[in-house]
Amino acid sequence: MLNRIFQLIKPKNISIKYEEVNLNENRVFVKPNYMAVCHADQRYFQGKRDPKVLAKKLPMALIHESSGIVVADPTGNFNVGQKVVVIPNQPPKPSNNEFFENYYSGTFFRSSGFDGFMQEVVSLSVDRVVSYEGIDDEVAAITEFVSVAMHAINRFKIVSHSKRDEVLIIGDGSLAFVVATSLKYLFPDMKLYVIGRHTEKLQLFNFVEKTFLSNEIPDDFSVDHAFECTGGEGSEYAINDIISYIRPQGTVILMGVSENKVAINTRDILEKGLLLVGSSRSGRIDFQNAIEMMENQRIQNRLKNIIYLDDKVEEVDDIYRVFSTDLSTPFKTVFKWDV
């Protein structure tokens, strides 16, 4: 069959590439159904990456967060019509007990130098497809985003000390919300604190112990561990605030992406014996854990608070509309892919 791939060829310019797909290959063929826009996709679309990076990675189809429907599976692992989520991380081998697939050398990632899911049909190996039931399709579209939180929390469980009574999240955006949701689900007795800069966003964190505006932190505030979920220029302030608030031998999970180098207080890191852990992307096990959590109706309802469902995408002009809409939505923009 002839497949259409909607590629970004330069900032704010989408072109359709046609490619022949052999449905008899030993692959699973999925039609994307609902998609979500990530900040990384938006930076590519707007041209807010280094020109050398853009020249290296374009043209490519955007979007790495998607739910879909199986249209063919010669491997026999899925039924035609079955609902699935698709994994953008493409590692050379699976994770093992010590090393995670998302950090392997030779791993490539869809919508980061390789075609993402803005295609009519996507061809995937069996282990890059995970089925789901009982989850609304527009919520399933953000499974990859939730899996990133699951991966970070798994790293946290492995390396942090056992005193996990009080944990801080710095950030009040989508990532902070999903990390808080996931932590509360996995550690229901944990006291979670969230520091942010926007009162209206912090109001959504009504399931945590307490929220603070960044300029209203009590002098005696302290926590056992912390998650940094800001990124950008704000990550420098967030990391240094965490170093101030965290108790000795605490673990700091760094999740926010910064384009530029940031300066951090290494003196106090050493004096407190802190452990800083970088966490990025996710693997198959994290998708499975995310699906398991998202099957909980209460969690689904909570995640819907950060989803803005835009109109469906049927043609190229609709893609431009979605990326424009996303600039004005505070959290996650989701849309039905109906090309």
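Which residue's side chain does a polar contact of 2.9 Å join to the side chain of H64? Select H64 and S111 together: S111 is the partner. (A polar contact is a pair of N or O atoms within 3.5 Å; within protein, one must be able to donate a hydrogen and the other to accept it, and residues adjacent in sequence count only if both atoms are side-chain atoms.)

Before moving on, some ground rules. You're looking at a predicted model, where local features need pLDDT of at least 70 and side-chain atom pairs count only at pLDDT 80 or more, while totals for chains, interfaces and linings use all residues. Residues are numbered from 1 along each chain as its sequence is written, and side-chain values use heavy atoms, with hydrogens and water left out.

**Stop 1: the binding site**

Now select C38, H64, E65 and E144, which UniProt lists under "binding site" in an unreviewed entry. They are spread over 107 residues of sequence, yet they cluster in space, with a largest C-alpha distance of 10.1 Å. (UniProt positions are in the numbering used here, feature names are shortened, and annotations may be inferred rather than shown by experiment.)

Zoom in on H64, in the loop between β4 (60-61) and β5 (65-72). (Helices, H or I with at least four residues, and strands, E with at least two, are DSSP runs numbered from the N terminus.) H64 counts as buried because its relative accessibility is 5%. (Buried means under 20% relative accessible area, exposed over 50%, partly exposed in between, using a 1.4 Å probe and protein chains only.) Leaving out residues up to four places away in sequence, H64 touches several others, including C38, P88, R110 and E144. (Contact means heavy atoms within 4.5 Å.)

Step to E65, in strand β5. E65 is at 0% relative accessibility, so it counts as buried. Among the residues it touches, again not counting those up to four places away in sequence, are C38, E144 and K332.

**Stop 2**

Select I63, in the loop between β4 and β5. I63 isn't a glycine, but it has a positive phi of about 80°. Most residues other than glycine have a negative phi, and most peptide bonds are trans. Next, click on L58 and P59: the peptide bond from L58 to P59 is cis, with omega near 0°. P59 sits in the loop between α2 (51-57) and β4.

**Stop 3: a pocket**

Which residues lie nearest the centre of the second largest pocket? Select I5, E19, R110, Q119 and S123, five of the 17 residues lining it. β1 (2-10), β2 (13-20) and β9 (122-124) each supply at least two lining residues, and β2 gives the largest share, with three.

**Stop 4: the annotated domain**

Colour residues 139-324, which UniProt annotates as "domain: Glucose dehydrogenase C-terminal" in an unreviewed entry. The span is 44% helix and 16% strand, and its end C-alpha atoms lie 21 Å apart.

Inside this stretch, pick S160, in the loop between α4 (143-159) and β11 (166-170). Buried or exposed? S160 is buried, because its relative accessible area is 9%. A polar atom of its side chain lies 2.7 Å from the backbone oxygen of F156, and its side chain also makes a polar contact of 3.1 Å with the side chain of R164.

Finish at Q249, in the loop between α7 (234-245) and β15 (251-254). Q249 has a positive phi of about 65°, though it isn't a glycine. At 58% relative accessibility, Q249 counts as exposed.

Terms used. On a 1 Å grid over the protein atoms alone, a cavity is a set of points where a 1.4 Å probe fits but cannot get out, and a pocket is an open set with protein on both sides within 12 Å along at least five of seven lines; lining residues have an atom within 4 Å of a point.
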